[in-house]
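Subject: Structure handover

Hello,

The structure we spoke about follows below.

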Amino acid sequence: MGINSDEALAIAALRRNKLAGDEIVCLGRPELFLDAREAARAVVASGAAADAGAISAAVREPFAEPLLRLMGFSRIRSLDASPYEGAELIHDLNTPLPDALVGTTGFLYDGGTMEHVFDVATVLLNMARLVRPGGTLLISTPANGQCGHGFYQYSPEFFYRALEAHGFEDVRVYLVGLMKPSRWFRAVDPKAAGRRLQFNTAEPMQLIVVARRTGGEITARSHTPLQSDYAEQGWKVSAEELRQAHDDWRSPKARLRAALRDRAIYPAAIAVRHVLGFGMPGLWRRSHFQPVDPLSSAI
């Protein structure tokens, strides 16, 4: 669990746009994974001011509290399953949240915890209950190319449907490449796009998720989400439509298109990204992945 340069920019953007106040609860006590230049950029992006000496001192610390203070947070707490790293709040997120912790923060930050928690449904319910109505949830979790980091890798569809079912609105999911310079893309909601968002990328990637909590108390799972294409279609695809789809998939045109993509376009895009440092190859339908600048966009 920690804060890298992109996660720091996400926190800064939420502070700047008044979606995060002066308090924060972190899942896991966050370590710090950025240098002084990246920290200074995040502090400025948050709308705060700090001198170079204070920033240099903050990035020399193993944990993120000094940097978060420079970004304007005056109350910083961490929740963990054990106290071994000095977390203030102790609770195993595999088990239901105690009433004493319900609605205890207006800003909850998960910088890499939920993929390590086995009971996905319970951790989601706990996260929803930690955030008071009107509060903000920020999640960063590894994706594409990091299999084995934790129990799970999540998709944009997962967060759009799961957070919608747990009392959140204005859900936004960003794909962020881990190569430098990093590139940010907002993934549209598959329900709005009317199709699945399937993609590969030329580099390991993280999902950064922002959502705003609405409604009243959540005491149980409201419902089990359905993947949007199944929910919208209601399993009503006819046998003829299914046969036509398979015929199209087997057609010489489709095979040629797949061969060009997999053997020419994708390898070339990887080379361009690694040699020249730009692009995010593998996001085939660019209309579904909109480039954003976290320094200027209202993420």
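Helices (H or I, at least four residues) and strands (E, at least two) are DSSP runs, numbered from the N terminus. The model is a predicted one: local features need pLDDT of at least 70, side-chain atom pairs count only at pLDDT 80 or more, and totals for chains, interfaces and linings use all residues. Residues are numbered from 1 along each chain as its sequence is written, and side-chain values use heavy atoms, with hydrogens and water left out.

Overall

The protein has 10 helices and 11 strands. Its radius of gyration is 21 Å, close to the 19 Å from the globule rule for 299 residues, so the protein is as compact as a globular protein of that length. That radius is taken over C-alpha atoms, and the globule rule is 2.2 Å times the number of residues to the power 0.38. Along the principal axes, the C-alpha atoms fill a box of roughly 60 × 50 × 30 Å.

The accessible surface comes to about 14,500 Å², with 55% of it belonging to carbon and sulfur atoms. Accessible areas come from the Shrake-Rupley method with a 1.4 Å probe; for residues, only the protein chains shown count as cover. Of the 299 residues, 47% are buried. Buried means under 20% relative accessible area, exposed over 50%, and partly exposed in between (1.4 Å probe, protein chains only).

Among contacts (heavy atoms within 4.5 Å) with a separation of 6 or more, 79% are between residues 24 or more positions apart.

Cores

A nonpolar core here is a set of buried Ala, Val, Leu, Ile, Met, Phe, Trp, Tyr and Cys residues joined through side-chain atoms within 4.5 Å. The largest one has 39 residues, and those with the most contacts inside it are Leu 108, Met 114, Met 127, Phe 159, Leu 163 and Val 171. Two or more residues each come from β2 (23-27), α5 (120-130), β7 (131-143), α6 (156-165), β8 (168-177), β9 (184-187) and β10 (205-213). Helix α5 gives the largest share, 6 residues. Another core, of 35 residues, lies apart from this one and includes Ala 13, Leu 32, Ile 76 and Phe 107.

In α5, 10 of the 11 residues are buried, among them Val 123, Leu 124, Met 127 and Arg 129. In α6, 8 of the 10 residues are buried, including Phe 159, Tyr 160 and Leu 163. After α6 comes Gly 167, with a positive phi near 85°.

Salt bridges

With a salt bridge taken as a side-chain nitrogen of Lys or Arg within 4 Å of a carboxyl oxygen of Asp or Glu, the count is 10. Three of them are described here.

- Glu 23 pairs with Arg 132, the closest N and O atoms being 2.5 Å apart. The bridge links strand β2 to strand β7 across 109 residues. Glu 23 is buried at 14% relative accessible area, while Arg 132 is partly exposed at 31%.
- Arg 129 and Asp 99 meet at 3.7 Å, N to O. Arg 129 is in helix α5 and Asp 99 in the loop between β5 (89-90) and β6 (105-110), 30 residues apart. Arg 129 is buried at 9%, whereas Asp 99 is exposed at 64%.
- Glu 169 and Arg 212 have their closest N and O atoms 2.2 Å apart. Glu 169 lies in strand β8 and Arg 212 in strand β10, so the pair ties together parts 43 residues apart in sequence. Glu 169 is partly exposed at 35%, and so is Arg 212 at 30%.

Salt bridges with shared partners also join Glu 157, Arg 161, Glu 164, Asp 189 and Lys 191 into one network.

Surface patch

Leu 256, Leu 260 and Ile 265 make a nonpolar surface patch of about 300 Å². Patches are made of residues with over 30% relative accessible area and no salt bridge: like charges are joined within 9 Å, nonpolar side chains (Val, Leu, Ile, Met, Phe, Trp, Tyr) within 5 Å. Leu 260 sits in helix α10 (residues 252-276) and counts as partly exposed, at 46% relative accessibility.

Regards
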